Amino acid sequence: MKARTRAATILLTPFFLLFAAVMVVPIGYAVWLSLFTEKQSGLGFGGTETVFTGLDNYTAALGDRAFREGFGVLLGYCLLYIPLLLAGALGLALLLDSALARARRFFQLALFLPHAVPGIIAALIWVYLYTPQLSPVVQAMEAGGIGFDFFSPDGALPSVVNIALWEWLGYNMVIFYAALQAIDRSVLEAATVDGAGAWRIAFSVKIPLVKASLAMVGLFTIIGSLQLFTEPLILNKGTGSAVTSTWTPNMYAYTAAFDRNDYGLAAAASVLLALTAALLSFAVTRLTGRRKAGTARKPAPARKPVTARKERTA
């Protein structure tokens, strides 16, 4: 027993050290920084001094309308992006897993390739495709009588969602495809023998068996959505877009830190965003855990007793 404990300690120590260095210490420093602010003395001509302000930075962030509106943008983004991502990735995975699919590896690689492009490069590519004077896509749409301004207040959110979908659809499709490949083929063969068609097998057999992957991808997508930063930041830089410098909470913290040099406010906004992500992750985990427990507790259907039938003998 002691040998096992010693081996586990040796193997887990590097992980906990790295976790403390890259997670615990930065979060602790952000919390500490959020409790202070820098003030200038002497009507602005003196030096700056760091003053303990307690929760003032948190109240300032929560009282700022731009910060609150950033969470509204995130809510709209999640309501639009997450269902499209999950449905699209799962639909593509089901198509690749179907018996009618051809050249699976080619399409799997082709759909995954956009994820290999760095986010900032992907955003720059789409900015080019969104710009009316440069984009052949916009010119083709206008030639067909379709007018849509990707940089307008109504078009900014769909534009960002489209970039994120292009980046992450193939990645999550690979996860779902791997989960579908892990399904026991005998289960699918039994459903086929029972007369189930392709649609019935997909919705009644395959999707219920990959619910764990759906929950995992959903959880990671929620966390990633709350960290939305790169795509709207690129749209904000010199495109005339409706995306402002405080469009999301992450952009609000970035602007507070590097444009206004208010590191205490930026740290407070970051901590509030981290708390929101933690609460949502906890809620999603509890919800999926309850559903699994409820499914596991369902009693098996009772079978009717088999009665022996007496055979008449001559």
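# A guided tour of the predicted model

Begin by selecting Ser213, which touches Phe176 and Ala179 when residues up to four places away in sequence are not counted, a contact being heavy atoms within 4.5 Å. The model is a predicted one, in which local features need pLDDT of at least 70 and side-chain atom pairs count only at pLDDT 80 or more, while totals for chains, interfaces and linings use all residues. Residues are numbered from 1 along each chain as its sequence is written, and side-chain values use heavy atoms, with hydrogens and water left out.

Ser213 is found in helix H10 (residues 211–226); helices here are DSSP runs of H or I with at least four residues, strands are runs of E with at least two, and both are numbered from the N terminus. Ser213 counts as buried because its relative accessibility is 15%, where buried means under 20% relative accessible area, exposed means over 50%, and partly exposed lies in between, with a 1.4 Å probe and protein chains only.

**The nonpolar core**

Select Phe176 next: leaving aside its neighbours within four places in sequence, Phe176 is in contact with Leu86, Ala89, Leu90, Ala93, Ser213, Leu214 and Val217. Phe176 also belongs to the largest nonpolar core, which has 52 residues, and there Tyr77, Tyr81, Tyr130, Phe176, Leu235 and Trp247 touch the most other members. Such a core is a set of buried Ala, Val, Leu, Ile, Met, Phe, Trp, Tyr and Cys residues joined through side-chain atoms within 4.5 Å. The elements that give two or more residues to this core are H3, helix H5 (119–130), helix H7 (156–181), helix H8 (185–193), helix H9 (198–209), H10, helix H11 (230–236) and H13, and the largest share, 13 residues, comes from H3. Apart from this core lies another, of 15 residues, among them Ala61, Ala253, Ala256 and Leu265.

**Aromatic pairs**

Now show the aromatic side chains, of which the structure holds 18 pairs; rings of Phe, Tyr and Trp (its six-membered ring) pair if their centres lie within 6.5 Å, and planes under 30 degrees apart count as stacked, over 60 as edge-to-face and the rest as tilted. Phe67 and Phe71 are edge-to-face, because their ring centres are 5.1 Å apart and their planes stand at 85 degrees. Both lie in helix H3 (residues 65–97), and being 4 residues apart they are separated by about one helical turn. Phe67 is buried, with a relative accessible area of 1%, whereas Phe71 is partly exposed, at 24%.

Move on to Phe148 and Phe150, an edge-to-face pair with 5.0 Å from centre to centre and 75 degrees between the planes. Phe148 counts as partly exposed at 39% relative accessibility, while Phe150 is buried, with a relative accessible area of 14%.

**Salt bridges**

Which residues are linked to Asp97 in a network of salt bridges? Select Arg185 and Lys206 together with Asp97, since these three make up the network; a salt bridge is a side-chain nitrogen of Lys or Arg within 4 Å of a carboxyl oxygen of Asp or Glu. Asp97 forms a salt bridge with Arg185, the closest N and O atoms being 3.9 Å apart, and this pair links distant parts of the chain, with Asp97 in helix H3 and Arg185 in helix H8, 88 residues apart. The side chains of Lys206 and Asp97 meet in a salt bridge as well, at 2.8 Å from N to O, and here Lys206 in helix H9 and Asp97 in helix H3 are 109 residues apart. Asp97 is buried, with a relative accessible area of 6%, and Lys206 is buried at 10%, whereas Arg185 is partly exposed at 34%.

A search of the whole structure finds 3 salt bridges, one of them between Glu69 and Arg65, at 2.7 Å from N to O. Glu69 and Arg65 both lie in helix H3, 4 residues apart, about one turn of the helix.

**A last stop in a loop**

Finally, select Asn261, in the loop between helix H12 (249–258) and helix H13 (263–297). Asn261 has a positive phi of about 55 degrees although it is not a glycine. Most residues other than glycine have a negative phi.
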